[in-house]
Amino acid sequence: MATLEIRDLHVSVDTENGPKEILRGVDLTIAGGQTHAIMGPNGSGKSTLAYSIAGHPKYNITSGTVTLDGEDVLAMKVDERARAGLFLAMQYPVEVPGVSVSNFLRTAKTAIDGEAPKLRTWVKDVNKALSDLEMDADFGQRNVNEGFSGGEKKRHEIVQLELLNPKIAILDETDSGLDIDALKIVSTGVNRFAEQGDKGVLLITHYTRILRYIHPDFVHVFVDGRIAEEGGPELAEELEANGYERFVKAGAKS
Ligand SMILES: Nc1ncnc2c1ncn2[C@@H]1O[C@H](COP(=O)(O)OP(=O)(O)OP(=O)(O)O)[C@@H](O)[C@H]1O
Ligand SMILES: [Mg+2]
């Protein structure tokens, strides 16, 4: 089973006033078969962690390591990371003008597998993934994210997750902007992925709402660029009740 290991990760971004450190020593291990949730206040660096693992050029890794089954992820190009089995669903998915959903999915699948999927099974797989997410089959002909509603973008990401079937999925606010029905549909998709048994899931979220449907094994509180506390699902309940105040205060002292 796959293991993603993040060790003492420090990440900064370039600003007008020079480099600004955003991640200040993140330690996190996600093994196959585990679902982890990260919760934390706005601006604490959660998306930065996701983008850094994915290889976004804006983020400079100043120290620390990220490995997947012992392989150095930080040394891999973005497409190599996907091929190695990492998947990132972004908080703000980008539009890809002129590229249809079905072409996009096929290109991504081909790049990851190293060969084009067999057409007959592929069409069936795409239609199944779309219908699992309760999306119309016509959706395949739309341009990626162009004019998609917030909820459609998120569903499209789970369609990608189903078809690309990575080892480790990092989902950044997959629940934001979803109505109650869509939240269930998307959660069911994530659970279907996780229930394969050997997959790792890192779910970044603000609300315990989604955790009613997706049950994390571990909850991490992310404050000021690092993990301030770890626990089980009960930690999410506590956050819902009391907010982040005690963590933010504790973080400010150190
Ligand atoms: N280019 C930049 N210049 C200055 N600060 C930046 C830059 N890029 C990111 N940051 C800062 O890094 C911090 C972490 O941002 P990040 O998006 O990772 O937070 P987050 O935890 O995902 O927040 P949210 O819950 O709102 O999604 C923020 O304070 C943000 O303003
Ligand atoms: Mg974010």
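## Basis of the report

This is a predicted model, in which local features need pLDDT of at least 70 and side-chain atom pairs count only at pLDDT 80 or more, while totals for chains, interfaces and linings use all residues. Residues are numbered from 1 along each chain as its sequence is written, chains are lettered from A and ligands numbered from 1 in the order in which they are written, and side-chain values use heavy atoms, with hydrogens and water left out.

## Overall form

The protein chain has 8 helices and 12 strands; helices (H or I, at least four residues) and strands (E, at least two) are DSSP runs numbered from the N terminus. Its radius of gyration is 18 Å, close to the 18 Å that the globule rule gives for 254 residues, so the chain is as compact as a globular protein of that length. This radius is taken over C-alpha atoms, and the globule rule is 2.2 Å times the number of residues to the power 0.38.

Along the principal axes, the C-alpha atoms fill a box of roughly 60 × 40 × 40 Å, and buried residues make up 47% of the 254 residues. Among contacts (heavy atoms within 4.5 Å) between residues at least 6 apart in sequence, 70% join residues at least 24 apart.

## Helix α1 and a tyrosine pair

The buried residues of α1 include Lys-46, Leu-49, Tyr-51 and Ile-53, and the helix is followed by Gly-55, whose phi is positive, near 95°. Tyr-51 takes part in one of the model's 2 aromatic pairs. Rings of Phe, Tyr and Trp (its six-membered ring) pair if their centres lie within 6.5 Å, and planes under 30 degrees apart count as stacked, over 60 as edge-to-face and the rest as tilted. Tyr-51 and Tyr-59 are stacked, at 5.7 Å centre to centre with 10° between the planes, and both tyrosines are buried.

## Strands and their partners

Two strands pair if DSSP finds at least two bridges between them. An open sheet of 4 strands has the order β2-β1-β4-β5 with antiparallel pairing, and its edge strands, β2 (18–31) and β5 (71–72), each pair on one side only. Within this sheet, β1 (residues 3–15) and β4 (residues 60–68) are joined over 7 bridges, and Val-11 stands opposite Ile-61 in β4.

Elsewhere, 5 of the 6 residues of strand β11 (residues 218–223) are buried, so this strand is largely enclosed by the rest of the structure. Strand β3 (residues 35–39) runs parallel to β11 and is joined to it by 4 bridges, with Val-221 as the bridge partner of Met-39. Strand β12 (residues 226–231) runs antiparallel to β11 over 5 bridges, and Phe-222 stands opposite Ile-227 in β12. The hairpin of β11 and β12 has 2 residues between the strands, and in it Asp-224 takes a positive phi near 55°.

## Nonpolar cores

A nonpolar core is a set of buried Ala, Val, Leu, Ile, Met, Phe, Trp, Tyr and Cys residues joined through side-chain atoms within 4.5 Å. The largest has 43 residues, and those with the most contacts inside it are Val-159 and Leu-171; helix α6 (residues 180–194) gives the largest share of this core, 6 residues. Apart from it lies another core, of 29 residues, among them Leu-9, Leu-23, Ile-53 and Leu-68. Beyond its neighbours within four places in sequence, Leu-171 has contacts that include Phe-87, Val-190 and Leu-203.

Most residues other than glycine have a negative phi. Asn-145, however, has a positive phi of about 65°; this residue lies in the loop between β8 (143–144) and α5 (150–164) and, at 4% relative accessibility, counts as buried. Asn-165 also has a positive phi, of about 45°, and is found in the loop between α5 and β9 (168–172), but Asn-165 is partly exposed, with a relative accessible area of 31%.

Lys-109, in helix α3 (residues 101–113), is buried, with a relative accessible area of 16%. Not counting residues up to four places away in sequence, Lys-109 touches Glu-115, Pro-117, Trp-122, Leu-163 and Leu-164.

Terms used. Buried < 20%, exposed > 50% of the residue type's maximum accessible area, 1.4 Å probe, protein only.
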